[in-house]
Amino acid sequence: MYIRSEQPADVDTIRALTRAAFADAPHSSQTEAAIVDALRDAGALTLSLIAEDGGKILGHVAFSPVTVGGDAGWYGLGPVSVWPDNQGKGIGQALIRLGLDALRGMGAKGCVLIGDPAYYSRFDFVADPAVTYAGLPPQYVQRLAFGDAVPRGEIVYHAGFEAS
Ligand SMILES: CC(C)(COP(=O)(O)OP(=O)(O)OC[C@H]1O[C@@H](n2cnc3c(N)ncnc32)[C@H](O)[C@@H]1OP(=O)(O)O)[C@@H](O)C(=O)NCCC(=O)NCCS
């Protein structure tokens with residue numbers, strides 16, 4: 001398996017993969033595929049990474065710019081998707097680790113996400129009550145600071161993310 005950036009020919013597969021991954025997810029709004037498309041259309045897919053093996057796309061992760069309390073330089077992780085029959089094999093973790101490394105290499109201040117702490121704590125994401133999003137319970141709003149800057153305030157995703 002290797003990981004690479006998306007190419008134009010991958011777009012339809014990414015959409016189908018994202019729909020399939022979230023189809024039975026209890027917390028899903030079923031808008032995740034549209035979010036990826038809207039971010040791409042808006043030029044706000046900072047990173048769109050594909051895990052591929054033998055020519056088959058196995059998983060995908062998106063990162064897009066956010067502000068936290070009005071501060072730029074932060075990125076939002078998600079959606080992240082692995083085909084249901086390939087979940088639990090380390091594909092999601094590999095995509096996320098490479099994406100976080102790429103953000104560090106770009107000089108990002110850090111990353112935030114909305115998700116299950118049981119999964120994301122392995123990447124050193126922590127729930128921080130000082131970082132908020134749309135009134136969600138604080139344990140689902142997580143952040144990872146790459147340097148000394150500490151995020152504080154409401155996360156605002158790119159308009160493409162919210163439009164979906
Ligand atoms: C979440 C997802 C991207 C993880 O990718 P993956 O390749 O299946 O996961 P990995 O093999 O890297 O990691 C497996 C571990 O993650 C855990 N895990 C997988 N999905 C999880 C979830 N939704 N919540 C909490 N833990 C999860 C597994 O229990 C396993 O834990 P362990 O290592 O302690 O045994 C993938 O399962 C998926 O596409 N799920 C449906 C869509 C979704 O929920 N996306 C994330 C939204 S926040």
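Modeller: Let's start with Gln 93, which has a backbone N or O atom 2.9 Å from an oxygen atom of the ligand. This is a predicted model, in which local features need pLDDT of at least 70 and side-chain atom pairs count only at pLDDT 80 or more, while totals for chains, interfaces and linings use all residues. Residues are numbered from 1 along each chain as its sequence is written, and side-chain values use heavy atoms, with hydrogens and water left out.

Two further pairs involve the ligand and the backbone. A polar backbone atom of Lys 89 is 3.1 Å from an oxygen atom of the ligand, and a polar backbone atom of Val 80 is 3.1 Å from one of the ligand's nitrogen atoms.

The ligand takes up the space of the largest pocket. A pocket here is an open set of points on a 1 Å grid over the protein atoms alone, where a 1.4 Å probe fits, with protein on both sides within 12 Å along at least five of seven lines. A molecule sits in it if more than half of its atoms lie within 2 Å of its grid points. Helix 1 (11-22), strand 4 (71-82), helix 3 (91-105) and helix 4 (117-120) each give two or more residues to the shell around the ligand. These elements are DSSP runs, numbered from the N terminus: helices are H or I with at least four residues, strands E with at least two.

Gly 88, Gly 90, Gly 92, Gln 93 and Arg 122 come nearest among the 18 residues around the ligand, where "near" means a heavy atom within 4 Å. By class, the shell has eight nonpolar, seven polar and three charged residues. Ala, Val, Leu, Ile, Met, Phe, Trp, Tyr, Cys and Pro count as nonpolar, Asp, Glu, Lys and Arg as charged, and the others, Gly among them, as polar.

Strand 4 also holds Pro 79, and the peptide bond from Gly 78 to Pro 79 is cis, with omega near -5 degrees. Gly 69 lies in the loop between strand 3 (56-68) and strand 4. At a relative accessible area of 52%, Gly 69 is exposed; exposed means over 50%, buried under 20%, and partly exposed in between, with a 1.4 Å probe and protein chains only. The C-alpha atom of Gly 69 is 7.9 Å from that of Val 156, although the two are 87 residues apart along the chain.

Two residues other than glycine have a positive phi. Asp 124, with phi near 75 degrees, is in the loop between helix 4 and strand 6 (126-127) and counts as exposed at 56% relative accessibility. Gln 30, with phi near 60 degrees, is in the loop between helix 1 and helix 2.

Eight of the 10 residues of helix 2 (residues 32-41) are buried, including Ile 35, Val 36 and Leu 39. After helix 2 comes Gly 43, with a positive phi near 70 degrees.

Technical notes:
Polar contact = N/O pair within 3.5 Å; in protein donor to acceptor, adjacent residues only side chain to side chain. 1 Å grid on protein atoms, 1.4 Å probe; cavity = no way out; pocket = protein on both sides within 12 Å on 5 of 7 lines; lining within 4 Å.
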